[in-house]
Amino acid sequence: MWGSDKVPAPGNGSKNSQGKTLGMTSAISTAQPKPEDFKKTDELHFSLEPYNVFETDDELNHRMGILAKLNVLVKEWVKDVSISKNMPQETADKLGGKIYTFGSYRLGVHHKGADIDALCVAPRNIERADYFASFFEMLKKQIEVTECRSVEEAYVPVIKMNFDGIEIDLLFARLSLKEIPDDFDLRDDNLLKNLDPRSVRSLNGCRVTDEILALVPNIENFRLALRAIKLWAKKHGIYSNSLGYFGGVTWAMLVARTCQLYPNAVAATLVHKFFLVFSRWKWPNPVLLKHPDNINLGFPVWDPRINASDRYHLMPIITPAYPQQNSTFNVSESTKKVILIEFNRGMAIADEIMLGKASWDRLFEAPSFFYRYRHFIVLLVSSQTADDHLEWCGLVEAKVRILIGHLERNQHIALAHVNPKCFDLVNNSQNSRSQEEGQAQSITNSPFCSMWFIGLEFERTENLNVDLTESIQNFTQQVHNQAVHIKMLRDGMMIEARHVKRKQLNQYLEADFLKQEKRSMESHNEFNNTLLANRKRLSSELAQSKDSIPQPANNQPNQQNVNTQTKRRRPVSESQMEENSNASSAASDGQITPTIMSSPPSFTNMTSTTTPGGKYSNGNGEEEKTASQEEGGVSGGTPTATPATTTTEVVCS
């Protein structure tokens, strides 16, 4: 309803309504869907319903009503500010102002309870300072608005609020126009002339979303496929731009590219082809939805031919609107490995679904994170008030990828896998097992504490000694410095990093949750073992059939026998037929475990805490001998105020 609602009608095949080919290349296949494809799509739609990815008409109307109220508020605010600047009321009444939407709501793939990404567009006489002053105060006075807070110092400045039960992130852009008509289209590149960089960045979300919708051949098929892929990504822990995975716009672009390559495919086929395409993609070749526009308004664009730093991006996926940017700038070596593992796992499951050997529910089953690793780093983020904690957690989450980068540069760490879910601390340290081991203690005294977990996988190295103290201290110091710089730091805000073994997780997480994780691991192992057995059987059958085919005397294969062998192979899934496929390897089943040859590593106690005063509290302890233990040992220690003496070691004999 709100935003740049002019979207080209879906065209036929791989072309839009003007007959222009969509995408960088021609389509891989323009085959029309078969009856079984429609059946699989109906099954996909039915399987998505329990996950609340569809809103009712009443819920959708509620969102539209909220946006209508916001739109009225913007027009009133623009008029009031203009009059206060001595503009005649007759002129101020004509200025306009408008709310545009972008992201999942604009794409039509938002789920129940999802937030709304929106943009407030104002004419040239309205300043950004007015937005974060008078408009912010106007919002706080609305009875429907709660939790209203401004983040003016952010890279993309934003006002966050809860408007009548719906979370809204509202950006601001000031255009070089006298008036903002209600039917104004933001896709016009000329409107970027003479704009400040923050306004350009704020406009980028709307412009990219509208371009994506204009570049897909069938919007309804695109939407259903994207709903499925987004749910899959969230369930498999690879949906978070700030932590180095893919964000919502990135998943939308990947699905849009799949739609361009298979323009007539229905949603079920698109989901299958999505995994086929991107589990085989030759990274770091970029994913683009169209040829870059030949526009030069002075804004930086992604171009590795000119910008040396762009050449180091690992999985570039380029936004289609000027100025083109890489939406996966935060991807690291570790997050890339995790994403590729999940692509291959998804390909294997999608194969089974299309062959009728599994249901769509299998694709949306969350794999076990806490049973994939033996050792973890847990980040504990604590505050004294709810408002402080909300801001503090937001800052730490935006910086966790820095810690991942520090860990990756350690030669002994093969993988640092961060779980994107933020957990609230549940103090289970008083359970019977902890009491028996003499470990009963309070995790934190702060009233609010949240946690992120990082799974560690080590290289196969004997006599391994790893000191992580410097990595931890550098990270906590950077977070502290940033909090001071943006004047966020409050008394009681603390961040602490600890080493935790798998058997100690019950001190931090609910027992029922850990049992569920274990059941998930067992279920996925069973499924993966079945896949492996089927592929071994298939490989054996193919080898036997090849040996049984008689060869002519001249050693040239008989064409009829070749055709017979080809027919026998046709039931095989696409990923199984793909040469150099990783889907059949052990890595694709997602069971990543520390790869240490003999006994697992042993840590000394590791903590690094930052406080508003900038001082560190670190723990030292004697190392335990754990050659006979399953998961290594961590010794206790008495806190000390001397960071230089803190050591964190991983010992492998």
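Asn-86 sits in the loop between helix H2 (57-84) and helix H3 (89-92). The model is predicted. In it, Asn-86 has a positive phi of about 70 degrees, although it is not a glycine. Most residues other than glycine have a negative phi. Asn-86 is exposed, because its relative accessible area is 73%, and the cut-off for exposed is over 50%.

A second residue with this kind of backbone angle is Asp-164. Its phi is positive, about 55 degrees, and it is not a glycine either. Asp-164 belongs to the loop between S4 and strand S5 (166-174). Its relative accessible area is 34%, so it counts as partly exposed.

Strand S4 (residues 158-163) runs antiparallel to strand S3 (residues 145-151), and five bridges join the two. S3 and S4 form a hairpin, with six residues between them.

Next comes the loop between helix H9 (267-279) and helix H10 (333-354), where Pro-284 has its place. The peptide bond from Trp-283 to Pro-284 is cis, with omega near 10 degrees. Pro-323 lies in the loop between H9 and H10 as well. A cis peptide bond joins Tyr-322 to Pro-323, with omega about -5 degrees. Most peptide bonds are trans.

What about empty space inside the protein? Rolling a probe the size of a water molecule over the atoms shows where such space is left. A search of the whole structure finds two cavities of 30 Å³ or more.

Finally, take in the whole chain. The protein chain has 16 helices and 15 strands. How much of the chain is buried? Of its 653 residues, 52% are buried, meaning that their relative accessible area is under 20%. The protein chain exposes about 30,100 Å², and carbon and sulfur atoms supply 48% of that area.

How values were computed:
Residues numbered from 1 in each chain as written. Predicted model: local features only at pLDDT ≥ 70, side-chain atom pairs only at ≥ 80, totals over all residues. Heavy atoms only, no water. 1 Å grid on protein atoms, 1.4 Å probe; cavity = no way out; pocket = protein on both sides within 12 Å on 5 of 7 lines; lining within 4 Å. Points joined across faces, edges and corners; volume = space filled by probe spheres on them. Helix = DSSP H or I, 4+ residues; strand = E, 2+ residues; numbered from the N terminus. Buried < 20%, exposed > 50% of the residue type's maximum accessible area, 1.4 Å probe, protein only. Areas by Shrake-Rupley, 256 points an atom, 1.4 Å probe, with all protein chains shown as cover. Pairing = 2+ DSSP bridges.
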